[in-house]
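Hi everyone, thanks for making time this morning. I'd like to walk you through one structure, so please have a look at it while I talk.

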Amino acid sequence: MDGLSEREFESFRNLVKKHIGISFDRTKKAVLQRKLALRVNSLGLESYGKYYLYLLQEKESKGELRQLINTLTVDQTAFFRHLKQFELLANILLPQVAIQKNTIKKLRIWSAGCATGQEAYSIAMVVNDMFKEDHTWDIRILASDIDTDALKFAYRGLYTKESIKQVPTEYLNRYFRRGTGKDSGLFQVNEDLKNRLLFRRLNFVDFNFPFKSPVDIIFCRNVMIYFDTEVKKRLIDNFFRLLEPDGFLCLGTSESLIGVDDRFALVGHFVYQKRG
Ligand SMILES: C[S@@+](CC[C@H](N)C(=O)[O-])C[C@H]1O[C@@H](n2cnc3c(N)ncnc32)[C@H](O)[C@@H]1O
């Protein structure tokens with residue numbers, strides 16, 4: 001098959017940006033081509049041009065756009081990634097929210113771009129631990145991603161020994177059980193922890209978020225790095241509107257709000273607080 005021409009590259013990058021906000025600049029042309037080739041080959045098409053037309057034909061491409069999105073997204077993640085933020089969550093963010101919400105006793109957390117679930121389960125373990133004595137709280141943790149394969153994996157909650165090595169032993173004993181039969185050697189998140197989470201496919205570009213009440217803490221880590229400034233600004237503006245006054249926003253360690261939004265104050269370790 002011929003390589004991806006400049007014109008095709010432009011067409012695909014515009015299509016991808018329009019649908020999911022991810023921007024492939026010129027330096028990422030080879031990456032985009034490699035990922036597109038996976039879809040072109042699996043459909044048995046002869047060229048990138050034919051694949052583009054296929055995507056545009058609504059009826060035939062039903063579901064293909066979703067497949068392409070699943071192929072293009074990067075779902076690299078880990079339990080307790082950026083450990084310092086989980087320490088902040090336990091020692092500063094949750095205690096502050098617990099004081100502020102002491103009368104309505106409602107806690108809302110969103111793992112936005114949760115990939116295969118490790119981030120959302122890590123949050124749930126810390127939250128569970130903090131509220132284990134007090135069952136009067138209405139707690140919801142939303143775990144969302146655009147990638148349906150990653151979400152299915154997250155919902156299953158079955159992880160390798162290698163991937164759970166960052167989970168503290170105490171949590172491992174409390175929230176996981178060893179897989180049996182075909183799952184032997186794997187570790188299964190227990191149902192109680194899973195029931196803390198609500199999994200949803202949400203696209204940041206649609207900005208159609210299912211919240212009835214404001215959110216206390218948003219984790220959106222290692223997602224914005226794939227977006228250009230315009231998409232970042234719209235996303236952060238939406239987070240600002242969804243957050244409680246004084247709500248928190250946790251970003252990845254190579255992300256920042258500088259030049260994006262100045263309505264947040266830095267708490268530390270890439271955690272920001274909305275100025276209420
Ligand atoms: C590198 S992972 C980050 C996972 C986790 N937050 C962490 O830091 O470990 C980035 C995730 O963002 C998701 N993503 C990318 N574009 C998105 C969009 N437009 N809407 C929703 N999720 C998106 C990807 O599917 C991927 O799972």
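Let's begin with helix α4, where E64, L68, I69, N70 and L72 are buried. One thing to keep in mind as we go: this is a predicted model. So what do the buried residues of α4 pack against? Their partners are α1, α2, α3, α7, which spans 148-156, and β6, which spans 197-201.

In general, two packed helices are described by the angle between their axes and the distance between the axes.

Take α1 and α2. They pack at an angle of about 80°, with their axes 11 Å apart, and α1 and α2 are therefore roughly perpendicular to each other. If you want to find the contact on your screen, look for E6, F9, F12 and R13 on the α1 side, which meet K29, L32 and L36 in α2. Sorted by class, this contact of α1 with α2 has 4 nonpolar and 3 charged residues, and no polar ones.

Next come α2, residues 29-43, and α3, residues 48-56. Their axes come within 10 Å and cross at roughly 75°, so α2 and α3 are also roughly perpendicular to each other. Which residues of α3 meet α2? They are Y48, Y51 and Y54, and from α2 they meet Q33, L36, A37, R39, V40 and L43. By class, the contact of α2 with α3 has 7 nonpolar residues, 1 polar and 1 charged.

Now let's zoom out to the domains. The chain is divided into domain 1, residues 6-72, and domain 2, residues 83-274. The C-alpha centres of these two domains lie 30 Å apart. Their contact takes 10 residues from domain 1 and 12 residues from domain 2.

As a general point, in soluble globular proteins, nonpolar side chains tend to be buried together. Here, the largest nonpolar core has 44 residues, and W110, F204, I218, C220, F239 and L249 touch the most other members. At least two residues each come from α1, α2, α3, α4, β1, β7, α10 and β8. Which of these gives the most to the core? That is α10, with 6 residues. This core also draws at least three residues from each of domain 1 and domain 2.

Setting aside its neighbours within four places in sequence, F204 is in contact with W110, A112, G113, F209, C220, V223, F227, L235 and F239. There is also a second, separate core of 43 residues, and L107, I141, Y159 and F248 are among its members.

Most residues other than glycine have a negative phi, and most peptide bonds are trans. A115, though, has a positive phi, near 50°, and sits in the loop between β1 and α6. Is A115 buried or exposed? A115 counts as buried because its relative accessibility is 7%. The other case is N222, with a positive phi of about 60°, in the loop between β7 and α10. N222 is buried as well, with a relative accessible area of 15%.

That's my tour, and I'm happy to take questions.

Terms used. Residues numbered from 1 in each chain as written. Predicted model: local features only at pLDDT ≥ 70, side-chain atom pairs only at ≥ 80, totals over all residues. Heavy atoms only, no water. Axes fitted to C-alpha atoms, helices over the stretch in contact; angles between N-to-C directions. Helix = DSSP H or I, 4+ residues; strand = E, 2+ residues; numbered from the N terminus. Parallel < 35°, antiparallel > 145°, perpendicular 65-115°, else oblique. Contact = heavy atoms within 4.5 Å. Nonpolar A, V, L, I, M, F, W, Y, C, P; charged D, E, K, R; others polar. Core = buried A, V, L, I, M, F, W, Y, C linked by side-chain atoms within 4.5 Å. Buried < 20%, exposed > 50% of the residue type's maximum accessible area, 1.4 Å probe, protein only. Domains from an automatic or database assignment.
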